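Work through the exercises below with the sequence and the model at hand. Try each task before you read its solution.

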Amino acid sequence: MKDRIIDYIRRKLSVRVSLWVVLFAALIFIGALSLLFFQARESVRQEAVSRATQILDKTSLQVESILNRVEVATDMTEWLVMRHPDVADSMFVYSRGMLQNNPDFYNCSIAFEPYYFEDQGRYFSAYSKHDADTVRTIQGGSDNYQYFYMDWYLMPKLLDHPCWTEPYMDLDVPTNTSEMVSSYCKALKDEEGRFVGVINTSLSLNWLSNTISAVKPYPHSYSIMTGRGGTYFVHPDPEKITRQSIFTQTMEHPDTAMASLGHSMQRGEEGIKHMRVDGIDSYVFYKPLGQTGCSMAIVCPESDIFGGFDRLRRTIIAIVAIGLLLMLFLFIRIITRELSPLRRLATEAETIASGQFNAELPDFQRIDEIGQLSHSFAGMQQSLVKYIDELKDTTAQKASIERDLRIASSIQMGMLPKYFPTGSDRDDVQIYASLTPAKDVGGDLFDFYFRDGMLFFCIGDVSGKGIPASLFMAVTRSVFRTVSAHESMPDRIMDSLNKTIADMNDSVMFVTLFIGVLDLATGRMHYCNAGHDAPLLVGAGVGTLPCDPNIPAGVMPDWKYSLQEAPIYTGTTIFLFTDGLTEAENVSHELFNMQRVNDVAVQALADRQQEPRQLIARMTEAVHSFVGGADQSDDLTMMGIQYIKGEASGKENAV
Amino acid sequence: MKKLTICVLAAVFAVLGSGPLAAQEETIVFTPQWTAQAQFAGYYVAEAKGFYREAGVNVRIEHPSSTQPAMSRLRRNECQATTLQLCQAMEIIDGGIPLVNILQTSMNNAMVIVSARDEDPLKQKGARVGIWSVGFGQLAICMSIMDNLNYEWVRFAQNVNLFVAGALDATLAMSYNEYYQLIQAGMQISDRNVYRFCDHGYNVQEDGVYMTRDYYEKHLDQARRFAEASRRGWEWAAEHPDEALDIVMKYVDREHIATNRVLQRLMLEDVLRLQVDRESKQREFRLRPDMVRLASDLMVENQMLGRAVTYEEIIPNE
């Protein structure tokens, strides 16, 4: 599937371009929106901080104002108490007066050390409490309530300064109702500074609890209040109030964030923490409440604070995502439409490629790149049609030339001797020759004929190849025949031939030529070599016929060619060849060379196959085997002439 | 003065004990020495699971108030059985009120001293140390004298607020109760700021169920059945701690105790651990004579007992 999608994208330019554009647009959007979202989120967070801070400050101020009232009233009563520290009954009056003057206070105790008043026994605590519309005042100490072991009594005594106790639930037994209470306690000291007792004024914290519980800046936020020991005094879960502390859960499931919050609140610090509360990412804002040792915190789930922001963010992301998809769709459509002429051009190109060069191209009437391409394409089509027409003409001309060449080749071949005398035809000589042109027509030639008991023969190689060489070869052969018809010495034949062809040689061609005249009766051979490869004599052994250095014919009309003479013994084969044999190349561009020619001749001789036809067959086979698949680079001509006069008598000759 | 009071109370007991109220079928009011918590799980289980009823004894569990020692209820005949720590029981016997240990549950000492963070209790000479007003902590007083620490003892009713508020340098705590309350209050406790009495030669058994010897002798069968059913309650609690905790929480809620399941679970685990003898690894439910002798020697040496109280004085007569 993935490969199919990638393949589709690779095949569709419109999809690829659209994807790139949309990807680039998406990157810009992501960058811009990330910055925007970050800034917006920070603003929302700041707003939440400021909102929570305001609430905390307001509550804290409220608490402090009421606590101050309790502290001032207690201080004043302490002053009154210490004016008459020895009158036990007056303590009831002061205690009662405190509540009468401050109806919102919960209770008041003025308690003394055991046996402080000699006539009052171990316990003396003037305790007043509101009872319906009146104030009930009693002596509060007893065996069942040994007040001097209570926190409110011990704390100011031990700390040596006034303080607020940890809130506690005061159970009113007759009504079975609980009231959350905190007490302001101050040590009573006599004139010598000795501790004699404690005055304690309590304040119901129910109003505070209600106030804090009602603090709900966000739909799922809630407020808590903890005491010095981390105990919950306000919490949305009533089961936790006074029973659990902020650290309780951490005892079973360690939670460093919660413990850190608890310790901060215990130390009376103010701050904000981002943490998980009951598995929900939340912000906790906290602040101490006056001097009570209590701390208040507002727990706001992150989802509440950032709820609106998150909804906006989701909407924007959705709009952008849909917009990008729409953009992708439209881009693909537009680009596909814009590129549709290209598809038509491609179809037309295929039609033209199939051979219909005159197929009509659409006219898009456009001036853009596609219009230019269309015009170029039309120009190309016209050029192509013209070129194809020219090609047709050229091909026809070429076919005509080839036909002519084939005819020329057959004419050329027709000029060469076709009849080769063998031992059965004559008793003095047997001849065989082969000519394989490199092209249809070649520049090699060979010829022989008999006159006046002599064999006239020649072999030559015209410079160049093809038709010019073949024409030059035809001229050379004609001149050879003409001159040798009345001249029997090879040097003179050569001189005459040289002069004739040099005079008519405007194209500066030349021919290497070997002319020989063999006296068939005696075996004496006169010969003249004009720059041709020296023939081999294959008889008792293999050797090269000595040749004077002469220039090829047709170059210098006045050159005097030398005559040479050699006896040819019976059984000896004169092996003549052109450089097409020695310079035959194999695929590695190695030459067949003279050494191999010699080797083949030696081997043929050893196998008693030195007769012309056999020798040429062996040589042809060897050169074909050497060349292998390489193209024939030059005309290859070989001619063998074996002198066999008197061979029947079994006389052996040596070279 | 103290001795006179105890003598008068003993006389009252004698009179009450011989009266018609001492009949076999009367209800035993049992007062644990503290407010409702997992420290008394076995008794709650015995009552809730009907072990007392099955044993043919009527038992009513009544808790004391925070400043009223359980013993004062026994003295006033407001209850007939109470739990006491061994040292408390010995003090009372020394004071002239013969008591009988009818069931010993604790086999180890649970008391610790916890000092403020990074303070070593053994280096806080003359420190203000909190101690329960209702009379636990005899061994701590002995230790303070013997180790020349001369702590200034501050008696408090209950809870750890004074220590948490910084009014005390250190406080006594039970490893199953106040120790966990301190952790719950955010105290950071390590080996350095905790002194465990059981690890320093003061491993004296604590909780046991006591009756006045007079009452016991007049209600022998009832007392034995009460003790047996109580023991059965503890054994059941040890085998079914989760169900026992459920029962404890019912009592805690009924008594409006400001605690929670986490604290009570930790307390129950620790109390059950303390019931296993260190040497035998068994839940033995017996007083160890060597521990009685150790407690007696320590308290006599530090003038907390007028005379040695022997093992035989505490256990029931055979």
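This is a predicted model: local features need pLDDT of at least 70, side-chain atom pairs count only at pLDDT 80 or more; totals for chains, interfaces and linings use all residues.

Residues are numbered from 1 along each chain as its sequence is written, and chains are lettered from A and ligands numbered from 1 in the order in which they are written.

**Exercise 1.** Describe the secondary structure and the burial of chain B.

Solution. Begin with the helices (DSSP runs of H or I, at least four residues) and the strands (runs of E, at least two), both numbered from the N terminus; chain B has 14 helices and 10 strands. Next, take a residue as buried if 20 or more other C-beta atoms, placed from the backbone, lie within 10 Å of its own; by this rule 53% of the 318 residues of chain B are buried.

**Exercise 2.** Compare the span of helix α11 of chain A with the expected span, and find what its buried residues pack against.

Solution. The expected span is 1.5 Å times one less than the number of residues. Helix α11(A), residues 466-484, has 19 residues and reaches 27 Å from its first C-alpha to its last, which is close to the 27 Å expected. Its buried residues include Phe472(A), Met473(A) and Phe480(A). The buried residues of α11(A) pack against elements of chain A, among them α10 (369-415) and β16 (511-519).

**Exercise 3.** Work out the strand order of the open sheet in chain A, and explain why one side of each edge strand has no neighbour.

Solution. Two strands pair if DSSP finds at least two bridges between them. The five strands lie in the order β13-β22-β21-β18-β19 (chain A), with antiparallel pairing. Strands β13 (429-436) and β19 (542-544) of chain A are at the edges with a single partner strand each, so one side of each has no neighbour in the sheet. Now look at β13(A): eight bridges join it to β22(A), residues 636-643, and Ile431(A) stands opposite Ile641(A).

Note on methods
A residue is buried if 20 or more other C-beta atoms lie within 10 Å of its own, exposed if 12 or fewer, and partly exposed in between; C-beta atoms are placed from the backbone. Two residues are in contact if their C-beta atoms, placed from the backbone, lie within 7 Å.
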